Number of protein chains: 2
Amino acid sequence: MIYLDNAATTRRKPQPVIDAVVKAMTTMGNASRGAHDSALEASRAVYETRCKIARLFGCTRPDHVVFTCNSTEALNIAISGTLNDGDHVITTDLEHNSVLRPLYRLEEEGTISLSFVPADQRGQVNYDDFAALIRPETRAIVCTHASNLTGQMIDIARVGALAKERGLLFIVDASQTAGCVPIHMEDMGVDVLCFTGHKGIMGPQGTGGLCIREGIEIRPFKVGGSGVQSYRKEQPEEYPTRLEAGTLNSHGLMGLSAALDFIQEIGLETIAAHERAMMTRFYEGVRGIEGVTVYGDFSSDARTAVVALNIRDYDSGEVSDELSQAYDIATRPGAHCAPRMHRALGTTEQGAVRFSASWFTTREEVDAAIQAVRELAE
Amino acid sequence: MIYLDNAATTRRKPQPVIDAVVKAMTTMGNASRGAHDSALEASRAVYETRCKIARLFGCTRPDHVVFTCNSTEALNIAISGTLNDGDHVITTDLEHNSVLRPLYRLEEEGTISLSFVPADQRGQVNYDDFAALIRPETRAIVCTHASNLTGQMIDIARVGALAKERGLLFIVDASQTAGCVPIHMEDMGVDVLCFTGHKGIMGPQGTGGLCIREGIEIRPFKVGGSGVQSYRKEQPEEYPTRLEAGTLNSHGLMGLSAALDFIQEIGLETIAAHERAMMTRFYEGVRGIEGVTVYGDFSSDARTAVVALNIRDYDSGEVSDELSQAYDIATRPGAHCAPRMHRALGTTEQGAVRFSASWFTTREEVDAAIQAVRELAE
């Protein structure tokens with residue numbers, strides 16, 4: 001199979017990731033529960049993973065790295081745990097439903113009001129719109145680091161600088177960039193960074209989390225067993241326990257830890273350059289094919305390794321099925337959980353076929369995909 | 001290591017569980033996201049796992065099996081998603097903080113009022129107390145199937161019959177019994193059953209969920225990407241999607257699936273009998289040792305494979321440390337996230353040392369543990 005659905009999940013994981021999960025599943029106890037060797041080792045190994053995540057994202061406090069089962073949970077925690085009655089929030093048309101739905105829910109309940117920075121037909125924002133939308137009651141900017149549909153990135157350092165200047169909370173969805181784009185929370189003015197472990201980081205499914213800048217208070221989302229302060233009626237106040245109730249997925253986290261080592265070893269820039277090269281090659285190969293419409297702005301380098309396209313007026317689902325069945329090429333069609341972006345691009349009905357690369361994608365695979373698109377368009 | 005902390009997590013997993021996780025990590029796409037083979041296979045395999053869980057717990061609707069990262073999350077979803085302003089809830093002194101804290105939070109917010117069925121000094125409830133606590137505004141009974149501290153079980157069929165008779169919602173925490181005690185939701189009158197995958201079921205950490213009886217409405221907890229109905233502002237209404245936002249831990253779920261096959265193959269009753277035999281042997285071996293106090297009621301068979309004890313007035317943490325360091329025996333000391341049960345037993349200060357068996361526990365291990373307790377008591 002030629003797997004080009006890495007923006008959904010990286011199917012191929014580095015071998016050390018698999019080895020680490022196997023090791024954890026044969027030796028680990030329950031982290032933060034008990035003091036025998038296998039529980040203590042689990043606690044230490046989980047803490048080391050927090051340190052690695054903190055280093056990757058420029059988070060000053062490893063104990064402010066909170067693990068969740070995916071970035072959706074992290075975004076729910078960040079959004080529902082910080083916003084209050086009467087707050088106004090600015091977000092963008094590029095967002096995934098993992099940002100939109102938690103915000104819509106608060107809007108529907110009458111807790112917050114919402115404004116959107118629009119995307120143009122190429123999926124680009126105008127940065128002046130962020131400032132223009134700020135009102136006296138604006139409390140936060142919540143935005144993605146990159147569209148999951150077009151790969152278009154938002155310059156979060158620029159938005160972060162504005163947020164700092166105007167005293168706004170800045171929450172970033174790094175689902176599409178964590179592990180494949182350099183991120184430094186402190187330098188970029190990010191207050192809460194939400195990430196997933198099973199995409200760019202190449203770790204197991206069931207991993208993800210949020211990094212919290214010192215001084216940012218987030219209310220507990222889930223509450224329950226914490227292994228400490230058991231006689232309190234409330235969840236303990238310290239991070240990460242405040243936001244982590246119940247047994248962690250330590251088996252998965254050991255895979256995440258090995259994936260972070262793998263990225264460190266190869267170099268994030270090297271990985272990013274390879275992925276970009278693959279998708280640039282693909283873009284250059286398909287852009288000129290008659291009947292192919294590619295979405296997004298390719299004039300800028302600020303992109304992840306994603307190319308979304310349609311062939312004539314063919315239903316994106318049918319094209320993706322054909323790619324799978326006739327060519328054994330895995331892509332993702334349809335709406336991509338990004339309703340506002342489809343409206344901006346004008347692809348609400350048709351959806352789009354998304355091709356996305358990973359570190360393991362080869363030139364041969366890309367060339368086969370180009371050839372398949374060419375044949376389908378003819 | 002002699003691992004007797006299986007009530008925290010079963011450290012040893014059946015080999016097919018590990019093999020299944022490895023296979024998933026090398027072949028699986030993202031379940032419910034896309035239509036290429038590896039995504040479709042993931043969707044199918046996850047659905048099969050729902051079917052196996054439904055069969056194990058007597059849940060009539062596999063699509064009402066919702067996966068979460070642990071039972072704490074399942075309990076948060078069940079409790080916060082069903083209770084409303086003014087509801088009165090009955091629970092018990094046996095509960096873990098994963099039940100208590102979600103309930104306390106709603107009580108603190110002024111949403112619900114709470115009553116507790118008390119535990120006596122042996123950790124037993126009086127079943128008449130459930131009925132006696134019912135008021136006109138009583139809406140639900142939330143209770144554990146077995147104390148994580150003493151192993152004492154609650155007869156949930158009996159409580160379920162009362163709940164049905166009085167029209168109350170019945171939510172059960174099966175964290176300590178799932179996979180090692182027969183459970184049949186329909187027969188037992190359970191409306192929502194919350195379970196974890198990494199304890200008695202012997203699956204990976206990061207797995208768990210809730211089974212919902214047909215007709216029970218639970219509001220979404222997390223919201224976000226669902227892979228379907230992407231243009232809705234709200235989370236889709238159908239189970240399981242209503243309660244599952246974001247990418248599932250399908251890697252872990254494949255391990256869970258293999259664990260369910262393993263249980264099916266050996267037979268849940270066989271597993272339960274072995275675990276009980278191990279802990280009965282342990283209990284018989286330690287009960288007569290001078291200076292040893294065992295907690296709980298051993299006159300009844302309705303117990304999980306747990307024995308909690310103290311040696312003289314020694315701090316339980318120190319005893320557990322000594323067991324670990326001098327004998328390489330893993331146990332769990334302290335408060336066990338069960339504050340009300342410790343108050344009932346009179347062990348708030350001392351905590352207790354918990355020994356817990358699994359299918360893989362041997363007689364030799366149990367005998368070594370008995371000998372270690374004897375030596376420490378002398």
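Chain B can be laid on chain A with an RMSD of 0.0 Å by a turn of 180° and a shift of 0.0 Å along the axis, which is the relation of a two-fold axis. For this comparison, the copies were superposed by least squares on the C-alpha atoms of residues with pLDDT of at least 70 in both. The model is predicted, so that local features need pLDDT of at least 70 and side-chain atom pairs count only at pLDDT 80 or more, whereas totals for chains, interfaces and linings use all residues. Residues are numbered from 1 along each chain as its sequence is written, chains are lettered from A and ligands numbered from 1 in the order in which they are written, and side-chain values use heavy atoms, with hydrogens and water left out.

The contact between the chains (heavy atoms within 4.5 Å) takes 77 residues from chain B and 78 residues from chain A. Of the interface residues of chain B, 100% are also interface residues in chain A, so the copies meet through the same surface. About 6100 Å² is buried between chain B and chain A, and carbon and sulfur atoms give 56% of this area. Buried area is here the accessible area (1.4 Å probe) that two parts lose on being put together, summed over both.

Between chain B and chain A, 34 residue pairs are in polar contact, both residues being at pLDDT 80 or more. A polar contact is a pair of N or O atoms within 3.5 Å; within protein, one must be able to donate a hydrogen and the other to accept it, and residues adjacent in sequence count only if both atoms are side-chain atoms. Several helices of chain B each supply at least two residues of the side that touches chain A: H1 (15-27), H2 (37-57), H3 (71-80), H4 (97-108), H8 (250-266), H10 (316-327) and H11 (339-345). Helices (H or I, at least four residues) and strands (E, at least two) are DSSP runs, numbered from the N terminus. By class, this side of chain B has 27 nonpolar, 34 polar and 16 charged residues. In this scheme, Ala, Val, Leu, Ile, Met, Phe, Trp, Tyr, Cys and Pro count as nonpolar, Asp, Glu, Lys and Arg as charged, and the others, Gly among them, as polar.

Side chains of opposite charge can pair when their charged atoms come close. Over all chains, 38 salt bridges are found, a salt bridge being a side-chain nitrogen of Lys or Arg within 4 Å of a carboxyl oxygen of Asp or Glu. Four salt bridges are counted between chain B and chain A. One of these pairs B:Lys222 with A:Glu73, the closest N and O atoms being 3.8 Å apart.

Within chain A, A:Asp261 forms a salt bridge with A:Lys52, with the closest N and O atoms 3.0 Å apart. A:Asp261 lies in helix H8 and A:Lys52 in helix H2, so the pair ties together parts that are 209 residues apart in sequence. A:Asp261 is partly exposed at 35% relative accessibility, while A:Lys52 is buried at 15%. In chain B, the side chains of B:Lys52 and B:Asp261 likewise meet in a salt bridge at 3.0 Å, N to O, linking helix H2 and helix H8 of chain B across 209 residues. B:Lys52 is buried, with a relative accessible area of 15%, and B:Asp261 is partly exposed, at 37%. Salt bridges that share partners join A:Glu73, A:Lys222, B:Glu73 and B:Lys222 into one network.

A further salt bridge in chain B joins B:Arg354 and B:Asp5 (3.4 Å, N to O). B:Arg354 lies in strand S12 (residues 353-356) and B:Asp5 in the loop between strand S1 (2-3) and H1, so the pair ties together parts that are 349 residues apart in sequence. B:Arg354 is buried at 1% relative accessible area, and B:Asp5 is buried at 0%.

Key. Buried means under 20% relative accessible area, exposed over 50%, partly exposed in between (1.4 Å probe, protein chains only).
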